[in-house]
Amino acid sequence: MKKVVIFGSTGTIGVNTLEVIRRDRLSFEVLGLAGKSNKKLLRAQIEEFGPRFVCLEEPDTELRVLFRR
């Protein structure tokens, strides 16, 4: 299994990369996601892929709650 971190996961390239991963879930594990400002999309990606690490350009209390597991 390949472990990946995707910088710019909410942009065009990041979204397309996650689509490839979505089609072959057994070959990839998403360890981290980084986005700039699309909090809604980043939240959906966090819920779907369950990364251990997330970076958002501006801190967001609402997203931090997802990591208190």
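Colleague: What do β2, α2 and β3 make together?
Modeller: In this predicted model, they form a right-handed β-α-β unit. Helix α2, residues 39-49, lies across β2 and β3, and runs at about 175° to β3.

Colleague: And how do β2 and β3 pair?
Modeller: In the parallel sense, over four bridges, with β2 covering residues 28-35. Ala 34 stands opposite Cys 55 in β3, and Leu 33 has Val 54 of β3 as its bridge partner.

Colleague: Okay, let's go to the other end of the sheet. What do β1, α1 and β2 make?
Modeller: They also give a β-α-β unit, and it is right-handed. Strands β1 and β2 pair in the parallel sense over six bridges. One spot to look at is Lys 3, which stands opposite Glu 29 in β2.

Colleague: So in what order do the strands sit in the sheet?
Modeller: The order is β1-β2-β3, in an open sheet of three strands with parallel pairing. β1 (2-7) and β3 (53-56) are at the edges with a single partner strand each, so one side of each has no neighbour in the sheet. From one strand to the next, the twist averages 15°.

Colleague: Which strands does helix α1 touch?
Modeller: Helix α1, residues 12-23, packs on the sheet and touches β1 and β2. Its direction makes about 160° with that of β1.

Colleague: How far apart are the end C-alpha atoms of α1?
Modeller: They are 17 Å apart. The 12 residues of α1, at 1.5 Å a residue, should span 16 Å, so the two values agree.

Colleague: Which residues of α1 are buried?
Modeller: Gly 14, Leu 18 and Ile 21 are buried in α1. They cover an arc of only 55° around the axis, which means they are on the same side of α1.

Colleague: What do those buried residues pack against?
Modeller: The buried residues of α1 pack against β1, β2 and α2.

Colleague: And which exposed residues are on the face turned away from the buried side?
Modeller: That face of α1 carries Thr 12, Ile 13 and Arg 23.

Colleague: Last topic, back to β2. How many of its residues are buried?
Modeller: Six of the eight residues of β2 are buried, so the strand is largely enclosed by the rest of the structure.

How values were computed: Residues are numbered from 1 along each chain as its sequence is written. This is a predicted model: local features need pLDDT of at least 70, side-chain atom pairs count only at pLDDT 80 or more; totals for chains, interfaces and linings use all residues. Side-chain values use heavy atoms; hydrogens and water are left out. Two strands pair if DSSP finds at least two bridges between them. Helices (H or I, at least four residues) and strands (E, at least two) are DSSP runs, numbered from the N terminus. Axes are lines fitted to C-alpha atoms, for helices over the stretch in contact, and angles run from 0 to 180 degrees between N-to-C directions. Contact means heavy atoms within 4.5 Å. The expected span of a helix is 1.5 Å times one less than its number of residues. Buried means under 20% relative accessible area, exposed over 50%, partly exposed in between (1.4 Å probe, protein chains only). The arc is that of the directions from the helix axis to the C-beta atoms. A crossover is right-handed if, with the strands pointing away from the viewer, the path from the first strand over the helix to the second runs clockwise.
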